[in-house]
Amino acid sequence: MIRYESEGFCCCEFLNTKNQKTHIMAVCCDCEELDDIVDRCICCKSQNVGRYMQFIDVCLDRVRIPWPGGAIKVNLALISPIILIPLTILLAAQGLMTTIVVGALVPILGILFYVVFLKHHPESNFFSSCFWTTCGFLIWMFEYMVMAYREVLFSENFALLLLIAVALYFYSRVKGNPGILGHPKQRQIKHKGEATPKEGIGEDFQTSENASSGMWCNICKIEKGQRVGHCRICNVCIDERDHHCVWINQCIGANNHRSFVLCLFFFILAVSYGAHLTLTTVCIPEMYFDYFLLPADCEYVYSDTHNSMCFVSGLLAVAIAILAGILLLQQIFLISQNRTWLEARHAGLARCWLFNAKSISSYGCWRNCWNFWFRASSGNYITNMDV
């Protein structure tokens, strides 16, 4: 929840997007954005996405609850997955056809939301909330519904929880400093005190050869190396920036890339093992080669809600494991080329998956992998304490 700093407001008053004082009871009044959209529709005039996003921003800003000192804005991006994900799984568990329909619609809607909404609100924590809600719900389903069948051994449950604990450990490492080299606030603070190495060059440096080649960050006001990237969500420059992961709301760079790959690996193991235990419990399993136990007969999984909920949760875990596995394979390919995802995008998708011996930063497949896993961190990164 987001609260505006205000004085002299009653519990139902707040400042709207236009910095005007308004009241919760006026939630359906004076919406100029909606009036403009309707007028253009009636007059058969063209619309653009920007107008719809302005209307959505106004609607989201008016979703508030009374609070002493001023109404508090409810963060729907954070709260909505907590409601939508369990309801979606429950809907998918009503039958085979609903499982297929929901399974087909959810990825399409997710991609549409990512392309349309996050383009204008890249800082939204909707996907990170979806990730944690899904993981929490799957764990709850396994511990309280799958374990109720009393077919999963204690050692199997302990192994699953151990994999989850290891994945969480590496997640805590991922959430550390990704390798921040530049921050706008740091530049402002240094301007007030001692001079920085680039002091005196200032704006003139932006027109130099380095600026034209993309070696200068206009936001952080620092000279960037060839493998430094600026994240518009975190608003910092990061050494060897790979990408900003919306699922955990964290940038991946030189200082946490290894932890990210290890976290992804153990996450896949945990999700795959949980899906295996779930599906072999709710379905009739069969032993293959006297070693592999796999689900064979799932004819009666929709006989009651308890069975179907567990079955759909298992299918969801399989889908998550497959998508995470694709991401892990992509990371392994890029590591073998000593490329980041950002560099692969700049190089073009045609060369993204191929070993490029002519790459400037590549030392060969095995040397690249060795450097990635055993290279010492430079440690010359700034932290939030520095800004």
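Me: What makes the largest nonpolar core a core, and which residues have the most contacts inside it?
Reply: A nonpolar core is a set of buried Ala, Val, Leu, Ile, Met, Phe, Trp, Tyr and Cys residues joined through side-chain atoms within 4.5 Å, where buried means under 20% relative accessible area, exposed over 50%, and partly exposed in between (1.4 Å probe, protein chains only). The largest such set here has 32 residues, and I89, M141, F142, M309, C310 and F311 have the most contacts inside it. Helix α5 gives the most to this core, with eight residues; helices are DSSP runs (H or I, at least four residues) numbered from the N terminus.

A word on the source: this is a predicted model, in which local features need pLDDT of at least 70 and side-chain atom pairs count only at pLDDT 80 or more, while totals for chains, interfaces and linings use all residues. Residues are numbered from 1 along each chain, and side-chain values use heavy atoms, leaving out hydrogens and water.

Me: Which residues does I89 touch, leaving out those up to four places away in sequence?
Reply: They are F137, M309, V312, S313 and L316, with contact meaning heavy atoms within 4.5 Å.

Me: Why is I56 called partly exposed?
Reply: Its relative accessible area is 32%, and that value lies between the 20% and 50% limits, so I56 is partly exposed. I56 sits in helix α2, residues 49-61.

Me: Why does M97 count as exposed?
Reply: M97, a residue of helix α4, has 59% relative accessibility. That is over 50%, so M97 counts as exposed.

Note on methods
Helices (H or I, at least four residues) and strands (E, at least two) are DSSP runs, numbered from the N terminus.
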